[in-house]
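Please keep the sequence and the structure in view while reading.

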Amino acid sequence: MARFVLKDPFYKKAKDEGFRARSAYKLKDIDAKFHLVKKGHVVLDLGCSPGSFLQVLSDMVGEAGVVVGIDILPTPALPRKNVKTVTADIRDVDIVKLFGDLGLESADTVTCDIAPNLSGIREVDDARIEELFHSVLDIVAGALKPGGNFIIKSFSTTVQKKVAALLQQKFSKVSQYKPAASRAVSSEIFFICTGKK
Ligand SMILES: C[S@@+](CC[C@H](N)C(=O)[O-])C[C@H]1O[C@@H](n2cnc3c(N)ncnc32)[C@H](O)[C@@H]1O
């Protein structure tokens, strides 16, 4: 395992460039292709710890923008004025209240890199993934502005078709993308959804 990690070029790059996780390069890659996040935007990042998406998003939105991160685990403090983090299970979050408390109206983009705890038992895990996905969609419904964008990580499971179908109902365009930093052995892909209906 250690040998695999040491050989991983994105792991080394993240260490060298001061990113908290190699996932930073997944988001950079997605943005280079889809150009969704702009200066001054408000972005909500679900499953934000340890914070590499937050680091990338903070640079993308600049001083005039805001990035709000939520994770069930604490996120080590980031010395960035435009980043706010909350420790909470997204299934328990009242997002409209949270945005109100932060003085925000809505998000231009929501990103979700959540990886649920999996048991290895297919039926149990599929049910967990589906439950979490519905909580994420509730948050998107409450926080994302009409016309806004949504980037969500997904895995090849039996629920993936359902996930794609629901996203297609709710967004004008839904693309699937596997960033270069996403390990080839992983079934991970990202849904890039634009134009919330
Ligand atoms: C792959 S990590 C995210 C990495 C992050 N995007 C970054 O770039 O640093 C997935 C995160 O999802 C979080 N997570 C899992 N279930 C969650 C839940 N129900 N509510 C909030 N966060 C959750 C985990 O605690 C974990 O930190």
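Does F150 count as buried or exposed, and what is the relative accessibility behind that? F150 has a relative accessibility of 0%, so F150 counts as buried. The model is a predicted one.

**Aromatic pairs**

F150 forms an aromatic pair with F171; the pair is stacked, with 5.9 Å from centre to centre and 25 degrees between the planes. This pair links distant parts of the chain, since F150 belongs to strand β5 (residues 144-154) and F171 to strand β6, 21 residues apart. F171 is buried as well, with a relative accessible area of 2%.

Searching the whole structure gives four aromatic pairs. In another of them, the ring centres of F34 and Y177 are 5.6 Å apart and the planes stand at 80 degrees, so this pair is edge-to-face. The charged end of K33 sits over the ring of F34, 5.8 Å from the ring centre. Elsewhere, ring pairs join F10, F19 and Y25 into a cluster.

| Residue | Relative accessibility | Class |
|---|---|---|
| F34 | 21% | partly exposed |
| Y177 | 17% | buried |
| F150 | 0% | buried |
| F171 | 2% | buried |

**Helix α7**

Helix α7 (residues 160-170) has Q160, V163, A164, L166 and L167 as buried residues. These residues lie on the same side of α7, because the arc they cover around the axis is only 165 degrees. K161 and Q169, on the other side of α7, are exposed. The cover over the buried residues of α7 includes α6 (122-143), β5, β6 and β7 (189-196).

**Nonpolar cores**

Which residues of the largest nonpolar core touch the most other members? They are L44, L46, I95, F150, L167 and F191, in a core of 35 residues. Helix α6 gives the largest share of this core, seven residues. Leaving out residues up to four places away in sequence, I95 touches L44, I70, I139, G142 and A143. Another core, of 24 residues, lies apart from the largest one and has I30, L36, L57 and V83 among its members.

Terms used: Residues numbered from 1 in each chain as written. Predicted model: local features only at pLDDT ≥ 70, side-chain atom pairs only at ≥ 80, totals over all residues. Heavy atoms only, no water. Phe/Tyr/Trp six-rings, centres within 6.5 Å; stacked < 30°, edge-to-face > 60°. Buried < 20%, exposed > 50% of the residue type's maximum accessible area, 1.4 Å probe, protein only. Helix = DSSP H or I, 4+ residues; strand = E, 2+ residues; numbered from the N terminus. Lys NZ or Arg CZ within 6 Å of the ring centre and 35° of its normal. Arc of directions from axis to C-beta. Contact = heavy atoms within 4.5 Å. Core = buried A, V, L, I, M, F, W, Y, C linked by side-chain atoms within 4.5 Å.
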